Amino acid sequence: MWEQKHRHPVVVANLRGDIRSFETQFSFLCQTSAAVYIFTDDFEADLKVLEGKVTKTELFLVVNSQKKTFRVDTLKKIITNYRINPTNVIVKKKQNDAEFVKTLQSSVGDIIEKSKNRLTIENMADVAHQFGILVDEDGDECQNARKMADEITSNITDTIKFKDKQLPLQGQVWKELSQLEKERCRLRKQGDQDIEHYKRSLKKKEKELREKQNTFDMSDSMTSFILGMSKSGPERSYFLKWMRINLDNLSRQNLSSLRDQYKDLCQHSQEKKYDIKDLDKQLSDCSLGLEHFLRELGQLYEAACSLPEDSPQRKQMEHLPGLCAQMLLDGFPIELVDGDASNIPLKWISAVLTQLHTLVKSNSKIQVVTVLGVQSTGKSTLLNTMFGVQFAVSSGRCTRGAFMQLIKVNKDLKEELKCDFIMVIDTEGLKSPELAQLDDSHEHDNELATLVIGLSDVTIINIAMENNTEMKDILQIVVHAFIRMKEVGKKPICHFLLEQLNEMTQAAARMEKKENITKFTDVMDYDPDTSSYYIPGLWHGTPPMAPVNVGYSEAVYDFKKSLMQDLIKCQSNDDMTHFLKWTQSLWEAVKFEKFIFSFRNSLVAVAYSRLCSEYNGWEWTFQKEMYTWMVGAELKYQHPQRSIRDVLQDLMIEASMKMSLGEKEIQDNLVKYFEKQDGHVNLVEKYKEDFMSSAKTLRRETENTVKNKLHGAVEIKEGMTELNKIKSSQTSTMENKVLTLLQNCKKKESVLSDAALSEEFENMWKETLSEIYFKGLPRRDVAQDAFLMLNGNLSTRGGHVNSMLVGNNLVDCGKREFSVESEGLGKIFGGLVKHWDTNHYRKKLLELCDDIIAQCQLFITQKVESKTDYHDTYIKELLNKIDETLEQHKIVKNSEECEVSLKLHICGRAAREFQKMHDDFIEVNDPRKCLEQSKSKYLTEFRDLFHNRDQCL
């Protein structure tokens, strides 16, 4: 009822203690309040403070008629003497407290509606000066800091234009740099480009973007901001506080209506997905906070790092990390993950944390606490309540990315926790399901969750009942990502309320062939009896007028006690340098992971992986059949019974029919697969059309290959026929040419020199070559083909596998003898190593690998000796041989590194030998090149013939 009637914010000030002891404070309240309610039992003694008092406020007396000191005549006298309106006297009679509260509420409500005495906090400061009350903001340091902050923020009228002009480095250029950084690791847009050329082009583009950043001069706002950051301790803190206050005021003006629209659409119009996405972008574009200025600092520093070390511009930026490190030490949060660009500016963060480690003289042992949850579940409020920090709190998508803040541990607790600081990481609210469906990508949330959980000693998963499904999905992906990573390092303690995660963990472990992982707690430390807490909402109703829930603070306090016990148990002894190294390696692993983050949860990922495996089998069957048909078709050219062009036409019609049947068979298999009820097929229903399209693409690509091969074979046959004709007629052609030359010489009475004779031969030779119509066979890059097939073969594997692929040039692989590294074998084989010696396993593993290499080398040699042209299926058949053999031998089942090294070794060797085979085939079957080989012989014959005939004449 109160919320519905009174929508204006109201401040209630309570003067604690005896009014007679605080006359100055009472006088201040009388000048600044709309009404002052005086609760009194002793009229004469209490109300002497009103003598001679001139007030702008309405005075109310609240008295209890049940008290023995109550006298009606005294009350009337007081009313008269102090000119109190009789209607402003509230007397508690024989009524219970609830009824009396309603009377007070009614009185306060009337005042709120009628009173026009509304003041700002700053107006109240002016009144305080009149009474000699000390105002904190009056200090020189505070005023100077405010002036600097106002200079920056006072002229901001259009947030978007301000960011474009004053904070240019963090705009589109930084987002493109972030995308390039991930693309360099994932190579999703490579297509059929040469891998090394594509990597070089990405690096070149990155350099160009950094150069573009360096063309911007430092803006006036950033110059002023750095000046403010460079001030002494208190003044710097005041400056940052004023900046935050000013920017928050701007945000309230600019973002309030957008947030209301966003919230309304999410709750009532979920079908308007594009409107929601558009609003989400507007919220991002229009928001402007302290983090945007710090983000610009980071980009100024990172851009400068791309310049030569002795560059004046680079030296000018070297002090920036130190300013930010001091800010962290002062208790201000800084951005760890840029939520708009979905990236960590690693050079900047590394420099800041290194400076911080130096500032605290290496006393930087930390424990990391992170909170994670769906948007608007009160994550920031929880951290602020528990640790007294000041993360931004607002409805809607406000916090972007992840922010870290340091809390210094006091001496008493330092002994127990064995650390100097607690680092608290606050994350943005994970996307709403509406936006996740719209983007058709869960990458951003899954990457963020994996990173912050991996960095934490303790992770708080904040789950509201209405979004527990979304959080379970994200946690499945996090667990799955950890299973796929080469080395997770920490095993975070998690506090949350979750069920049925063991099934998901087992499914993920089976997919990744990690049988030693059987339950959720193998990856994360979680005890359902001690790690689950219910914390009631902060508000009873909708803020700002809703009352605070008193149970909230009590529940948070209990939770904090449990959390501290977990931190005492952790005692990781990691300092800031360890945290930095772990951030770098974990972020590297996240960037290279290109498969698992795309899915809503692990069950979808596993179902998709099964579908890929089935489809790859159908695809391979189709390709093998077409290859076999091709070999037979090429034989029909050897001894054709009719025109070779007629044979080509018939073969093209036959190939088209065969490929149509193959395409239909794959599509029929897909339909049957999706009609099955097992294997969570329903979870990947939305990918059905993609695979149908893949079947069409496969047919189209195979059609082009077949067409090129058949036409190439015809051209070779026709070219060789023409070559034989030229060879057989070459002698008579040269004789005719010689006779013509001799007759010309006789007419001119001149003698041809050897040089002139060679020139005449060259002219004749060019004319002869022009008679051969042969376009030439296109040269293929076998290493590039092999890389693409190997990449496809390992496409569903983890980031470490991807980093091995991207980090190796296939042309250089397989040149040395294959070896198995003994380091890490204990991890690979798990408990088995307890019973067997590591060297024994290494020997067995090497024997198996050598056997596979020998089988593959035999296959390569047979193909090379066949003197035929290279075909796509050769590399694919090699990979299938490796997969089948590895599947039969459990010893290497968990060794992804060994498998990838083996495949790189074999494919590298095969690529080189098949490339030579392909080049030799082109050389041997090019009529022009065949004729060129006889050129010197024909030149000699031409000269001899000329001289012999000359003598005869």
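A: What follows starts with the whole chain, moves to the aromatic cluster and its surroundings, and then visits other sites.

The model is predicted. Its chain has 37 helices and 9 strands. Of the 953 residues, 49% count as buried. Take the contacts in the chain with a separation of 6 or more. Residues 24 or more positions apart account for 79% of them.

Now the aromatic rings. A search of the whole structure finds 15 aromatic pairs. One of them joins Tyr870 and Tyr874. Their ring centres lie 5.9 Å apart, and the planes make an angle of 85 degrees. This pair is edge-to-face, because planes over 60 degrees apart count that way. Tyr870 also pairs with Phe914. Here the centres are 5.8 Å apart and the planes stand at 35 degrees, so the pair is tilted. Tyr870 sits in the loop between α33 and α34, whereas Phe914 belongs to helix α35. The pair therefore ties together parts that are 44 residues apart in sequence.

These pairs belong to a wider group. Ring pairs link Tyr627, Phe859, Tyr870, Tyr874 and Phe914 into a cluster. How accessible are its members? Tyr870 is buried, with a relative accessible area of 0%. Phe914 is buried too, also at 0%. Tyr874 has a relative accessible area of 2%. Tyr874 is therefore buried as well, since the cut-off for buried is under 20%.

Helix α33 comes next. It spans residues 838-865, and Ile852 has its place there. Ile852 is buried, at a relative accessible area of 1%. What does Ile852 touch, leaving aside neighbours within four places in sequence? The contacts are Ile882, Thr885, Leu886, Leu902 and Ile906. There is also a C-alpha distance to note. Ile852 and Lys881 are 29 residues apart along the chain, and their C-alpha atoms are separated by 8.1 Å.

Helix α35 covers residues 896-924. Besides Phe914, helix α35 holds Ala911. Ala911 counts as buried, with 4% relative accessibility. Not counting residues up to four places away in sequence, Ala911 touches Val782, Ala783 and Ala786. Ala911 and Phe787 are 124 residues apart in sequence. In space, their C-alpha atoms are 9.1 Å apart.

Thr583 is located in helix α25, residues 576-592.

Two packed helices are described by the angle between their axes and the distance between the axes. Helix α10 runs over residues 195-214, and helix α14 over residues 290-305. The two axes come within 9 Å and cross at roughly 120 degrees. That makes α10 oblique to α14. The crossing is left-handed. Which residues meet there? Helix α10 brings Arg210, Gln213 and Asn214. Helix α14 brings Gln299, Glu302, Ala303 and Ala304. By class, this contact has 2 nonpolar, 3 polar and 2 charged residues.

Finally, the backbone. Leu187 has a positive phi of about 50 degrees, although it is not a glycine. Leu187 lies in the loop between α9 and α10. At 5% relative accessibility, Leu187 counts as buried. Lys418 is another residue other than glycine with a positive phi, near 55 degrees. Lys418 is found in the loop between α19 and β7. Is Lys418 buried or partly exposed? At 41% relative accessibility, Lys418 counts as partly exposed.

To return to the part you asked about: Tyr627, Phe859, Tyr870, Tyr874 and Phe914 form a cluster linked by ring pairs.

Note on methods: Residues numbered from 1 in each chain as written. Predicted model: local features only at pLDDT ≥ 70, side-chain atom pairs only at ≥ 80, totals over all residues. Heavy atoms only, no water. Axes fitted to C-alpha atoms, helices over the stretch in contact; angles between N-to-C directions. Helix = DSSP H or I, 4+ residues; strand = E, 2+ residues; numbered from the N terminus. Parallel < 35°, antiparallel > 145°, perpendicular 65-115°, else oblique. Left-handed = near helix turned anticlockwise from the far one by under 90°. Contact = heavy atoms within 4.5 Å. Nonpolar A, V, L, I, M, F, W, Y, C, P; charged D, E, K, R; others polar. Buried < 20%, exposed > 50% of the residue type's maximum accessible area, 1.4 Å probe, protein only. Phe/Tyr/Trp six-rings, centres within 6.5 Å; stacked < 30°, edge-to-face > 60°.
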